[in-house]
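Q: I would like to learn how to read the features of a protein model. Could the structure be shown, so that we may go through it together?

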Amino acid sequence: FGDRFIAVQTTYDAVSRVAQEHSVNGEGTVDAILMDLGVSSLQLDEVSRGFSYARQAPLDMRMDRTRSLSALEVVNAYEEAELCRIFKEYGEERWAKRIAAFIVETREEKTIETTGELVDVICRAVPKGVRRAASGHPAKRIFQAIRIEVNAELEILRDAIESAVHALAPGGRIAVITFHSLEDRIVKTAFKALARGCVCPPGLPVCTCGHAPEIKILGKAKKPSAEEARENPRAKSAKLRSAEKLPGGAPSA
């Protein structure tokens, strides 16, 4: 793209600031924003990063290796109750409490240092009958939960969407690709809030809030076709939601 492309390493919630700093229209706005919330396949496939439960590697899971918090610290330093919360909230794991207890018991004897060691603990914690009946790997949800915690993936998402909408010019569009239900729920809720008009208490005869919707939601979430899912299995769980910035759409002061 030559000088038409500018790469900026930052987090999603900084998109409005980045648009101001690199304004191409003099107004600090852009016409389109695509947010791909998926983990980089290049990072997933790099064994040393420790994202995969199927390969032996040091516990890391940092997308940005300048960050201090790693999976090693989460697994070995977090209190049992906090591990349980993370596994439930970020992994929607049924056996969260039992897995957290097994991790704490194991690390009292020896630090859990590798993905393989963590997988062994998880497999011991999940009852054998459940493992046999499950369609996926018993460590899948736990690894997802730890990755989300390490990289603070959900903490900034709602603010990131609001920041992106504020950076759009009227008529501009935002599209967000999510890869699991937790992300999609946040995006759906954020879009719904930004598309809402009057926020006055029910029963008032006349609107006094002056609140105007900022966006128009463009249809329902779109999923990949069967053909795309076959060609790219990692796209199977993807959902695409999009919206358009409305002119003059902004909360009343």
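A: Strand S4 (residues 239-245) is mostly covered, with 5 of its 7 residues buried. Buried means under 20% relative accessible area, exposed means over 50%, and partly exposed lies in between (1.4 Å probe, protein chains only). Helices (H or I, at least four residues) and strands (E, at least two) are DSSP runs, numbered from the N terminus. The model is predicted: local features need pLDDT of at least 70 and side-chain atom pairs count only at pLDDT 80 or more, while totals for chains, interfaces and linings use all residues. Residues are numbered from 1 along each chain as its sequence is written, and side-chain values use heavy atoms, with hydrogens and water left out.

Q: In what order do the 4 strands of the open sheet lie?

A: Two strands pair if DSSP finds at least two bridges between them. Here the order is S1-S2-S4-S3, and the pairing is mixed. Strand S1 (30-36) and S3 are the edge strands, each pairing on one side only. On average, neighbouring strands of this sheet are turned by 20° against each other, direction ignored.

Q: Over how many bridges does S4 pair with strand S2 (residues 168-178)?

A: S2 and S4 pair over 6 bridges, in the antiparallel sense. Within this pairing, Ala 175 has Ser 242 of S4 as its bridge partner, and Arg 173 has Glu 244 of S4. Strand S3 (residues 215-217) also pairs with S4 in the antiparallel sense, over 3 bridges. There, the bridge partner of Lys 216 is Glu 244 in S4.

Q: Where do the side chains of a regular strand point?

A: In a regular strand they alternate between the two faces of the sheet.

Q: Which strands does helix H9 (residues 157-167) lie across?

A: Angles run from 0 to 180 degrees between N-to-C directions, and axes are lines fitted to C-alpha atoms, for helices over the stretch in contact. Helix H9 lies across S1, S2, S3 and S4 and runs at about 150° to S2. Helix H10 (residues 181-194) lies across S2, S3 and S4, at about 20° to S4.

Q: Is Thr 178 buried or exposed?

A: Thr 178, found in strand S2, counts as buried because its relative accessibility is 2%. Contact means heavy atoms within 4.5 Å. Leaving aside neighbours within four places in sequence, the contacts of Thr 178 include Leu 37, Glu 183, Asp 184 and Val 187. Ser 237, Ala 238 and Lys 239 are also among them.

Q: How does Ile 217 count in terms of accessibility?

A: Ile 217 lies in strand S3 and counts as partly exposed, because its relative accessibility is 38%. Apart from neighbours within four places in sequence, Ile 217 is in contact with Phe 191, Lys 192, Ala 195, Ser 242 and Ala 243.

Q: At what angle do the axes of helix H4 (residues 80-91) and helix H8 (residues 140-151) cross?

A: The axes cross at roughly 100° and come within 8 Å. H4 is therefore roughly perpendicular to H8. For such labels, angles under 35 degrees count as roughly parallel, over 145 as roughly antiparallel, 65 to 115 as roughly perpendicular and the rest as oblique. On the H4 side, the contact is made by Arg 85, Ile 86, Phe 87, Tyr 90 and Gly 91. On the H8 side, the contact residues are Arg 141, Ile 142, Gln 144, Ala 145, Ile 146, Ile 148 and Glu 149.

Q: Which residues have a positive phi of about 50°?

A: Glu 92 has this phi although it is not a glycine; Glu 92 is placed in the loop between H4 and helix H5 (96-107). At 37% relative accessibility, Glu 92 counts as partly exposed. Ala 152, likewise not a glycine, has a positive phi of about 50°. Ala 152 is in the loop between H8 and H9 and counts as buried at 13% relative accessibility.
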